[in-house]
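Subject: Structure handover

Hello,

Here is the structure I said I would pass on. My notes come after it.

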Protein chains: 2
Amino acid sequence: MSRFEPNLRIPGPTALPPSVREAGSRQMINHRGPEFAALLGRIGDGMKPYFGTHGDVAILTCAGTGGLEAAVVNTLSPGDRVLGISIGAFGDRFAGIAEAYGAQVERMTAEWGWAAEPNEVRERLAAGGGDYRAVLVTHNETSTGVMNPVADLAAAIRETAPDALILVDTVSSLGAVPFEMDAWGCDVVVTGSQKAWMAAPGLAMVAASDRAWAAMETATMPRYYLDLRRHRAQLAKGETPWTPAVAVAFQVDEGLRLMAEETPAGVFARHEVCAAATQAGLEALGFRLFADPNHRSKTVTAAWIPDELDWKVVNGELKRRDLVLAGGQGKLAGKVFRVGHLGMVRLEDILGAIGTIEEVLAEQGRLAQPGAGVAAAERAAIEVEGGHQAAAAVLR
Amino acid sequence: MSRFEPNLRIPGPTALPPSVREAGSRQMINHRGPEFAALLGRIGDGMKPYFGTHGDVAILTCAGTGGLEAAVVNTLSPGDRVLGISIGAFGDRFAGIAEAYGAQVERMTAEWGWAAEPNEVRERLAAGGGDYRAVLVTHNETSTGVMNPVADLAAAIRETAPDALILVDTVSSLGAVPFEMDAWGCDVVVTGSQKAWMAAPGLAMVAASDRAWAAMETATMPRYYLDLRRHRAQLAKGETPWTPAVAVAFQVDEGLRLMAEETPAGVFARHEVCAAATQAGLEALGFRLFADPNHRSKTVTAAWIPDELDWKVVNGELKRRDLVLAGGQGKLAGKVFRVGHLGMVRLEDILGAIGTIEEVLAEQGRLAQPGAGVAAAERAAIEVEGGHQAAAAVLR
């Protein structure tokens with residue numbers, strides 16, 4: 001463990017604000033009493049605006065992957081025809097879950113680094129006859145740093161496969177960027193406590209449309225622990241069916257309070273500023289970003305490791321300076337590194353990270369112009385902030 | 001929330017010791033880094049003596065119910081013949097999970113309040129031809145306060161159905177009482193962080209025998225999130241397959257450190273003392289205990305609510321005094337109350353609880369002899385402690 005607090009720049013678990021850490025240290029309470037019922041109610045109500053839904057939000061004790069499994073097993077039956085749109089490791093995982101439970105999954109795979117194209121999805125669904133029971137979509141692909149245009153993808157799906165359920169993985173995006181589940185016509189949406197919500201891992205939050213709740217009545221994939229209908233039934237009593245991760249719930253509640261204080265618009269703007277600064281800073285340092293520039297993620301950035309760079313040495317030096325980055329996942333292991341900029345992140349954390357990378361590269365004799373990275377990051381941040389101020393002025 | 005720390009006498013979540021609370025407030029770390037790998041290793045190694053196993057212990061992010069589901073779906077196939085031995089709500093749940101995944105479950109149900117009888121199990125298995133794929137057993141039935149004689153039950157099963165896998169729910173017992181998984185021939189054993197381990201809920205710990213690991217290679221029930229083979233593969237790298245409940249892992253690690261300091265024998269003796277004091281105290285206050293005296297649980301006690309007692313009024317008064325008890329579960333709702341005495345519990349907490357119940361009953365004019373409850377609890381504790389000291393003296 002480091003003597004000082006590290007700059008934890010991985011795409012989750014994200015660092016905890018002081019008051020969220022304190023919430024994690026609270027004494028246990030009866031999870032079948034009025035205090036927990038009030039807490040569960042606050043979390044559900046607090047989450048709804050970020051989901052963009054008027055429906056119930058179920059609070060499951062599991063990782064995001066468990067939440068994705070809940071989306072699949074509650075709404076589908078073995079043999080169901082499913083289109084799994086994958087743009088990276090998490091899209092592959094989502095499809096893999098549906099396959100493990102016997103869905104007939106057709107995979108539509110974009111080259112890693114690219115987003116899914118609404119027109120291609122439209123064509124694929126039309127060519128397939130449109131009779132899909134569900135389409136699996138990743139909002140933010142954490143492995144590649146690409147954010148899919150879910151509103152456009154959902155519109156394309158609704159147009160060509162009107163009866164398909166749209167199941168969306170927003171584990172590493174919801175709460176950091178605007179999302180409108182009801183308006184866009186998404187059916188099940190899944191997020192995780194350790195991402196934008198600034199809490200420890202352990203809870204997945206799952207919202208479902210009326211159509212999805214209706215589908216659960218006839219879906220036959222086996223389920224028990226992740227049964228959303230049991231959750232909904234208990235939610236009405238202010239409880240969860242099984243003992244919930246109470247301490248994580250304390251933290252999510254406090255994280256939501258901090259987010260409300262900042263306002264959702266403020267939270268979203270902060271993520272935009274930090275994403276722009278990270279991406280401009282890394283590019284100015286000579287890194288080639290992995291993601292298509294039109295669909296770069298607002299929560300995580302992946303960059304190629306140049307062939308001539310010994311990443312182990314560089315990353316060791318970064319760790320010694322308390323900067324913690326993430327490596328590549330799946331087939332990108334050893335080929336890219338990733339910088340998380342979601343949850344508890346300020347421009348200062350990004351400037352510190354870019355500056356630290358810059359300093360290490362300069363020390364290693366790998367950099368001609370020290371200072372360019374941080375300068376570019378600052379300029380990008382000022383530009384985004386200016387845009388927001390201009391927008392706010394117009395609205396005034 | 002109370003101004004003072006409540007006496008949380010429910011059978012989980014159990015109260016957290018101060019240093020465990022502090023552990024819950026730690027900053028997040030990379031769950032794919034060396035610090036977490038060391039933590040995961042410590043938890044696994046620290047748990048093994050309590051399981052009584054030399055095998056791996058998988059750490060799953062879920063409630064105990066998720067751990068029970070993992071035991072079922074990893075080792076069984078749809079259509080498998082299973083004997084579900086149930087002595088209460090949690091035994092029913094275990095059987096229900098196996099049924100939800102398509103096992104052909106025959107239920108062997110004891111009257112609530114009674115333990116399963118090894119001879120009856122032997123007869124039932126022999127009458128059934130012995131060709132069961134698995135037998136489901138609850139060690140401690142939290143709903144009734146009965147502890148099953150698992151060593152004897154396992155011996156009976158091994159004798160009459162040698163090929164059956166023995167899956168054991170020890171969610172609310174492991175860590176509080178001796179258990180010898182390997183020696184007794186149990187195949188999958190499941191516990192939860194919020195019980196004897198003095199941590200918040202969110203982690204289930206699951207150990208499997210070589211036979212169970214082999215069964216997982218051919219078992220066909222669908223699974224993904226709870227796939228134990230994925231956990232074992234990642235465990236070798238010091239990781240979990242999905243993002244784990246890091247803060248709860250911090251707490252379990254600290255809880256295990258406290259338990260090691262006390263020694264397992266000390267922990268078990270403390271639970272015996274507290275159980276004896278609770279049970280003697282409640283009986284001296286005129287409550288009829290729910291469980292068969294020969295198989296009373298060492299971790300939770302259920303007592304009948306007398307017909308003439310308005311429990312809502314009494315319980316409201318207890319809550320006002322910061323004493324939190326649990327109600328009845330399932331068909332016992334409104335008929336019994338339950339006192340948890342596991343995890344962070346000292347004789348002092350039990351004497352305080354018995355004394356508080358006594359005082360409220362006296363205030364309500366329901367008690368002829370105030371003082372009898374606490375006196376009986378103290379006598380019972382002294383007797384058990386004396387037995388332990390005598391045993392220790394013999395060993396010396």
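Predicted model: local features only at pLDDT ≥ 70, side-chain atom pairs only at ≥ 80, totals over all residues.

Residues are numbered from 1 along each chain as its sequence is written, while chains are lettered from A and ligands numbered from 1 in the order in which they are written.

Chain A superposes on chain B by a rotation of 180° with 0.0 Å of shift along the axis, at RMSD 0.0 Å (least squares on the C-alpha atoms of residues with pLDDT of at least 70 in both copies). The two copies are therefore related as by a two-fold rotation axis. Of the contact residues of chain A, 100% recur in chain B (contact: C-beta atoms, placed from the backbone, within 7 Å).

Each chain's part in the contact is 46 residues from chain A and 46 residues from chain B. On the side of chain A that touches chain B, the largest share, four residues, comes from α3(A) (helices are DSSP runs of H or I, at least four residues, and strands runs of E, at least two, numbered from the N terminus).

Apart from neighbours within four places in sequence, A:V135 is in contact with A:L83, A:I85, A:I157, A:A161, A:A164 and A:I166.

Helix α4 of chain B covers residues 89-100. Just after α4(B), B:G102 takes a positive phi of about 90°.

Regards

Note on methods
Contact = placed C-beta atoms within 7 Å. Expected span 1.5 Å × (residues − 1).
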